[in-house]
Amino acid sequence: MEAILQAATQVLAREGVQRFTTARVAEAAGVSIGSLYQYFPNKAALLFRLQCAEWQETSDMLSAILQDRTMSTEARLRKLVMAFIHSEYEEAATRSALADAAPLYRSAPEAQQVKAAGSRVFLDFIQEALPELAENKRSIAANLLLTTFRDVGKSLSVQCCSHEEIDAYAEQMATMFCAYLNVLEQNR
């Protein structure tokens, strides 16, 4: 199954979602179409599995950084922004293709669970960073951070930027987030 998923990622990045077919994936994986269908009954199931894997990978990365209490809150936030922005940019082709296919599985319970877990990571981080802040304000702050990450990541993933530009953008975004948390702390 891993060979199929790797081949599917390659076909998706190379061909895009419009030309992504199970036949192309089977050929790239070196398996018969019947073998592929034993694991994935159709194109939507295969794309959904790729999307879930991408969401889980991103969620794991975010969790590892935000839960690393050996660093200060600000250092974690800065590292998170840098890692996330670079990840979005480096995997732009795959992410764009998966975004095109999202209507096929966006409302699936599994998709909602993965997204909820990612949201929880941000809420837990805000809880730790600003324990005295009212719960409704923490929820808004976590949602604002998560929404900004998603939107900026999506926007940057379709732009052609150098690594230096990505670093500069991430640094400014991290500074903005740190300032926002400081304001919340002062005005709780």
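This is a predicted model: local features need pLDDT of at least 70, side-chain atom pairs count only at pLDDT 80 or more; totals for chains, interfaces and linings use all residues.

Modeller: Confidence comes first. The protein chain averages a pLDDT of 86, and 91% of the residues score at least 70.

Now the overall layout. The protein chain has nine helices and zero strands. From the N terminus on, its elements run α-α-α-α-α-α-α-α-α. The C-alpha trace spans about 60 × 35 × 30 Å along its principal axes.

Next, the packing itself. Two packed helices are described by the angle between their axes and the distance between the axes.

Start with α1 and α2. Helix α1 covers residues 2-15 and helix α2 residues 22-29. Their axes come within 8 Å and cross at roughly 120 degrees. The crossing of α1 past α2 is right-handed. On the α1 side, the contact is made by Ala3, Ile4, Ala7, Ala8, Val11 and Glu15. α2 contributes Arg24, Val25, Ala28 and Ala29. By class, this contact of α1 with α2 has eight nonpolar and two charged residues, with no polar ones.

Move on to α4 and α7. Helix α4 (residues 43-66) packs with α7 at an angle of about 10 degrees, and the axes are 10 Å apart. Angles under 35 degrees count as roughly parallel, therefore α4 and α7 are roughly parallel to each other. From α4, the contact takes in Phe48, Trp55, Gln56, Ser59, Leu62, Ser63 and Leu66. From α7 come Glu110, Ala111, Val114, Lys115, Ala117, Gly118, Val121, Phe122, Phe125 and Glu128. The residues of this contact of α4 with α7 divide into ten nonpolar, four polar and three charged.

α7 also packs with α5. Helix α7 spans residues 109-129. The axes of α5 and α7 lie 11 Å apart, at an angle of about 155 degrees. The cut-off for roughly antiparallel is over 145, so α5 is roughly antiparallel to α7. Here the crossing is left-handed. Thr73, Arg76, Leu77 and Leu80 in α5 meet Phe122, Phe125, Glu128 and Ala129 in α7. By class, this contact of α5 with α7 has five nonpolar, one polar and two charged residues. Phe122, Phe125 and Glu128 of α7 take part in the contact with α4 and in the contact with α5.

Finally, the aromatic rings. A pair of aromatic rings is described by the distance of the centres and the angle of the planes. The count comes to three aromatic pairs. One of them joins Phe84 and Phe149: the ring centres are 5.1 Å apart and the planes stand at 90 degrees, so the pair is edge-to-face. This pair links distant parts of the chain, 65 residues apart. Phe84 sits in helix α5 (residues 73-90), and Phe149 sits in helix α8 (residues 135-157).

Notes: Residues are numbered from 1 along each chain as its sequence is written. Side-chain values use heavy atoms; hydrogens and water are left out. Axes are lines fitted to C-alpha atoms, for helices over the stretch in contact, and angles run from 0 to 180 degrees between N-to-C directions. Helices (H or I, at least four residues) and strands (E, at least two) are DSSP runs, numbered from the N terminus. A crossing is left-handed if the near helix is turned anticlockwise from the far one by less than a right angle, and right-handed if clockwise. Contact means heavy atoms within 4.5 Å. Ala, Val, Leu, Ile, Met, Phe, Trp, Tyr, Cys and Pro count as nonpolar, Asp, Glu, Lys and Arg as charged, and the others, Gly among them, as polar. pLDDT is the predictor's confidence in each residue, from 0 to 100. Rings of Phe, Tyr and Trp (its six-membered ring) pair if their centres lie within 6.5 Å; planes under 30 degrees apart count as stacked, over 60 as edge-to-face and the rest as tilted. Angles under 35 degrees count as roughly parallel, over 145 as roughly antiparallel, 65 to 115 as roughly perpendicular and the rest as oblique.
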